[in-house]
Amino acid sequence: MRAHLMAAAAVVLSIGAAHADPFESAYGNTVTTTLPDGSKQVAYVNRDGTWEQHEADGMVIKGTFVWKGERTACFTIVDPTPKDASKATHCHDIAGDHKLGETWSETDNGQTFTMAITAGR
């Protein structure tokens, strides 16, 4: 699995709304991450606590998320099953108040990603 996968997932999912559920803006919509090398990842976040990420090479990664506090989400990859189960779950602080139609930049682990959220899937 790519080293940037979980970092990108956290950035992708850093879409918040000004109410109780920080992922509200992402539900039913498409979140696109443009990586530093220009490749794109597309993610879908579901109200039922699941997500999936489509890599530029066609790989699809699926998982779940749970909240550990008001702004910390823990993401677990479930498909494909990680070779090392201890690396399947990563927790990240979620910041931001990004809205539908917005494009912005995020930096994680020294890499800058361009993010966008667009209507529909």
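How exposed is Trp67, in terms of relative accessible area? Trp67 is partly exposed, at 29% relative accessible area; with a 1.4 Å probe and protein chains only, buried means under 20%, exposed over 50%, and partly exposed in between.

1. Basis. This is a predicted model, in which local features need pLDDT of at least 70 and side-chain atom pairs count only at pLDDT 80 or more, while totals for chains, interfaces and linings use all residues. Residues are numbered from 1 along each chain as its sequence is written, and side-chain values use heavy atoms, with hydrogens and water left out.

2. Aromatic pairs. Rings of Phe, Tyr and Trp (its six-membered ring) pair if their centres lie within 6.5 Å; planes under 30 degrees apart count as stacked, over 60 as edge-to-face, and the rest as tilted. The count by this rule is four aromatic pairs. One of them is tilted: Phe23 and Trp67, 4.7 Å centre to centre with 50° between the planes. Phe23 sits in the loop between helix H1 (5–12) and strand S1 (30–34), and Trp67 in strand S4 (residues 60–67), so this pair ties together parts 44 residues apart in sequence. Helices (H or I, at least four residues) and strands (E, at least two) are DSSP runs, numbered from the N terminus.

3. Phe23 and Phe75. This pair is stacked, at 6.4 Å centre to centre and 20° between the planes. Phe75 belongs to strand S5 (residues 72–79) and Phe23 to the loop between H1 and S1, so the pair ties together parts that are 52 residues apart in sequence. Both residues are buried, Phe23 with 0% relative accessibility. Ring pairs link Phe23, Phe65, Trp67 and Phe75 into a cluster.

4. Strand pairing. Two strands pair if DSSP finds at least two bridges between them. S4 pairs antiparallel with strand S3 (residues 50–54) over five bridges, and His54 stands opposite Val60 in S4. S4 and S5 also run antiparallel, joined by six bridges; here Phe65 stands opposite Phe75 in S5.

5. Hairpin glycines. The hairpin of S3 and S4 has five residues between the strands, and Gly58 there takes a positive phi near 95°. In the hairpin of S4 and S5, with four residues between the strands, Gly69 has a positive phi near 100°.

6. Backbone points to check. Most residues other than glycine have a negative phi, and most peptide bonds are trans. Asn109, not a glycine, has a positive phi of about 50°. Asn109 lies in the loop between strand S7 (103–108) and strand S8 (111–118) and is exposed, at 68% relative accessibility. The peptide bond from Asp79 to Pro80 is cis, with omega near 0°; Pro80 is in the loop between S5 and strand S6 (89–93).
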